[in-house]
Amino acid sequence: MKNYKLALKATIRANSNLALIKYWGNKDPYWNIPTNDSISVSLDALKSTTKLEFGDDYKDDFILNDKLLTGEGKDRIDFVLAKFREFSRFDTPIHAESENNFPTAAGIASSASGFGALAHALYEASGLAYTNDDVSRLARLGSGSAARTIHPGYAHWFAGENHETSYAKQIKPPDDLKIIVAITEKSAKPVSSFEAMELSKTQSPFFVEKAIQSKDNIEPMLTALKENDFSTLGQIAQKEANNLHAVINTTGLGIPYWNARTLELMQFVNALRENENIEAYYTIDAGPQVKILCKPESVKPIVNRLQNLEVAQDIILSGVGNGSQVM
Ligand code: DP6
């Protein structure tokens, strides 16, 4: 009889994603069960590629952009690995190598694409039967936003009540939305999202209200996506970003993520709509970069104006991306 040896390896490419309805805070921080549902769009310009192999001689090493990962980043990966082993009873050690297609120093979080790729690679390389929901749940344990990366286009992460019920589903395939990422600062952020979320729960007077508004914004956002209503999508996304930062900026952290250029860009985007008849909206995550949402025909005029403004250190142009893919 022929002796088949399973190739216990996989390469996965996953995109980062941008939240239009923001996740901020967990009702269960151990399992990353969020306070509210969120909705995101996949970014085709920001990708992580992860090669993963199982082998008895491996030591669970994780190489990120050619460097052996240690410290907090590795602890999170070890947590995902431990949970994968618990769920699958597949406990062979791994060796993984991961690369981002954008410079690590760009100050753009790679946790969504990175953990999305890791979770997908673990299931794919193991040869076990799995579903998108399994990948989404496992990715969530590394980084909440990673729960949404498996899906092409737009994804809805259902908060759920526990590990089983908290995962993301696709809502809509990629369309022609454009996202201009204006990098205002390349150094690492002063405080992690996780830490800032936990502080927000106890210190911001607006934490609960933001979550209520996010819940109320889900249905209108779903309708806007269904009807290709860019104006409503943009207005809700910008409001969500403002609410998120109203929470963050009222913790004891002061104003941890914005810089003067962030504010200048927010005003720039508002002025595009108000004075120049260019429809664009901003959104900002737990960092100083400003992401500008617009239609294809507005990309060129916006980028020209951005370049003249000389506020952004770098500009990344993105369309709506795919989900994570086996390479
Ligand atoms: C503001 O769970 O992705 O982007 O892993 O520390 O990056 P890190 O945190 P993560 O939190 C993301 C928070 C957010 C909003 C969102 O993506 O919904």
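These are my notebook entries on a predicted model of one protein chain.

**Ground rules**

I number residues from 1 along each chain as its sequence is written, and I use heavy atoms for side-chain values, leaving out hydrogens and water. Because the model is predicted, I ask for pLDDT of at least 70 for local features and count side-chain atom pairs only at pLDDT 80 or more, while totals for chains, interfaces and linings use all residues.

**Entry 1: the whole chain**

I started with secondary structure. The chain has eight helices and 14 strands. I took these as DSSP runs numbered from the N terminus: H or I over at least four residues for helices, E over at least two for strands.

Next I looked up overall size. The radius of gyration is 20 Å, which agrees with the value near 20 Å for a compact globule of 327 residues. That radius is taken over C-alpha atoms, and the globule rule is 2.2 Å times the number of residues to the power 0.38. The box around the C-alpha atoms, along the principal axes, is roughly 75 × 40 × 40 Å.

I then checked burial. Of the 327 residues, 53% are buried. My classes are buried under 20% relative accessible area, exposed over 50%, and partly exposed in between, with a 1.4 Å probe and protein chains only.

Contacts came next, meaning heavy atoms within 4.5 Å. Among contacts with a separation of 6 or more, 75% join residues 24 or more positions apart.

**Entry 2: two domains**

I found domain 1 at 8–174 and domain 2 at 178–318. These bounds come from an automatic or database domain assignment. The C-alpha centres of the two domains lie 23 Å apart. At their meeting place, 28 residues of domain 1 contact 42 residues of domain 2.

**Entry 3: I150**

I located I150 in the loop between α3 (132–142) and β8 (154–158). Is I150 buried or exposed? I150 counts as buried because its relative accessibility is 7%. Leaving out residues up to four places away in sequence, I150 touches H120, N132, V135, S136, G323 and S324. I also took the C-alpha distance from I150 to P174, 24 residues away along the chain, and got 13 Å.

**Entry 4: K295**

K295 sits in the loop between β12 (290–294) and α8 (299–309). At 32% relative accessibility, I class K295 as partly exposed. Which residues does K295 touch, not counting those up to four places away in sequence? They are K178, F230 and E279. From K295 to S193, 102 residues apart along the chain, the C-alpha distance is 29 Å.

**Entry 5: positive phi**

R89 has phi near 60°. R89 belongs to the loop between α1 (71–88) and β7 (94–100). Its relative accessible area is 74%, so R89 is exposed.

N277 also has a positive phi, about 60°. N277 lies in the loop between α7 (260–276) and β11 (280–283). With 75% relative accessibility, N277 is exposed.
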